[in-house]
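Hi everyone, thanks for coming.

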Amino acid sequence: MAIFLILAPYGAYSFLMLVTSAAISVFVASAICLATVAIDVARAGRSVKTLAAGSAIVFAAIGLYLALLDPQLGTLGVKLSVDIGIFVISLGSLLVRRPFTLQYALESVPAETAAMPGFLTANYVITGAWTVAALLMAAGNLVLLYVPGLPLWSSLAVAFAARNSAIYFTKWYPEYRQIKYGTPARALPTAR
C-alpha cells in the first residue's frame, strides 16, 4: 500500500493529462499529495514526507503558473516542469543528507534494523536511483521539446522505462544487500 500512496499523485496526474487540461491535472495531483500527507499525519507515529509535501508544492506551483501567468504552456512544458520539480526534490534530499526514502524506511523497519551501518547507505543508493530516473524523464521531455519531429511515444517510453527501473531497483536492492552482506530482509523499505 505504501508504494501506491507514493505513486498515486503521479498516476492520477499522468492519466488526467490525457483526458483534461494540464491545470486540472496538476491541481488534482497536488490535492492527492496533500491527502497522502493527511493520511500519514493521521497515522500515529508517521511523519510528513518530503516527497509528498514537496510534490504537492511542485504541482500547486505549476498549476498556479498555468492559471495566472501562462495558460498556453504546452503539455511537454508541464511534464518537463513536473519532472524537474521531482528531480530537485530528490536531489535536494540527498544534498541535505536526508534521502527521501529514509522517511519511509524508518517507519517500516524495526529500530535495530535502522541502526545497522548499511541502512543509511542503502537509502542513499535507492534515492539516487530515483534521482537518476527523474533526470532521465526530464531529459526525455527536453529532447522531445527541442526535437519536435520525434514521436511522442519516445518520451513516454523513456519515462516508463526510467520509472519502472527505479521501482524494480527499489525492490531488488534490499534483496541484493541481504545476499551480499547478510543484512536482514527488512533492513530496507520494500515497495508494497
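So, is Lys-49 buried or exposed? Lys-49 counts as buried, because its relative accessibility is 2%; buried means under 20% relative accessible area, exposed over 50%, and partly exposed in between, with a 1.4 Å probe and protein chains only.

Quick housekeeping. This is a predicted model, so local features need pLDDT of at least 70, side-chain atom pairs count only at pLDDT 80 or more, and totals for chains, interfaces and linings use all residues. Residues are numbered from 1 along each chain as its sequence is written, and side-chain values use heavy atoms, with hydrogens and water left out. The average pLDDT, the predictor's confidence in each residue from 0 to 100, is 88 for the protein, and 92% of the residues score at least 70.

Back to Lys-49. Its side chain meets Glu-107 in a salt bridge at 2.7 Å, N to O, that is, a side-chain nitrogen of Lys or Arg within 4 Å of a carboxyl oxygen of Asp or Glu. Together, Asp-40, Arg-46, Lys-49 and Glu-107 make up a network.

Now, what about Asp-83? Asp-83 is buried yet has no salt bridge; the nearest side chain of opposite charge, Lys-79, is 8.3 Å away. Instead, there's a polar contact of 2.6 Å between the side chains of Asp-83 and Asn-141: a pair of N or O atoms within 3.5 Å, where within protein one must be able to donate a hydrogen and the other to accept it, and residues adjacent in sequence count only if both atoms are side-chain atoms.

Conventions. Lys and Arg count as positive and Asp and Glu as negative; His and the chain ends are not counted.
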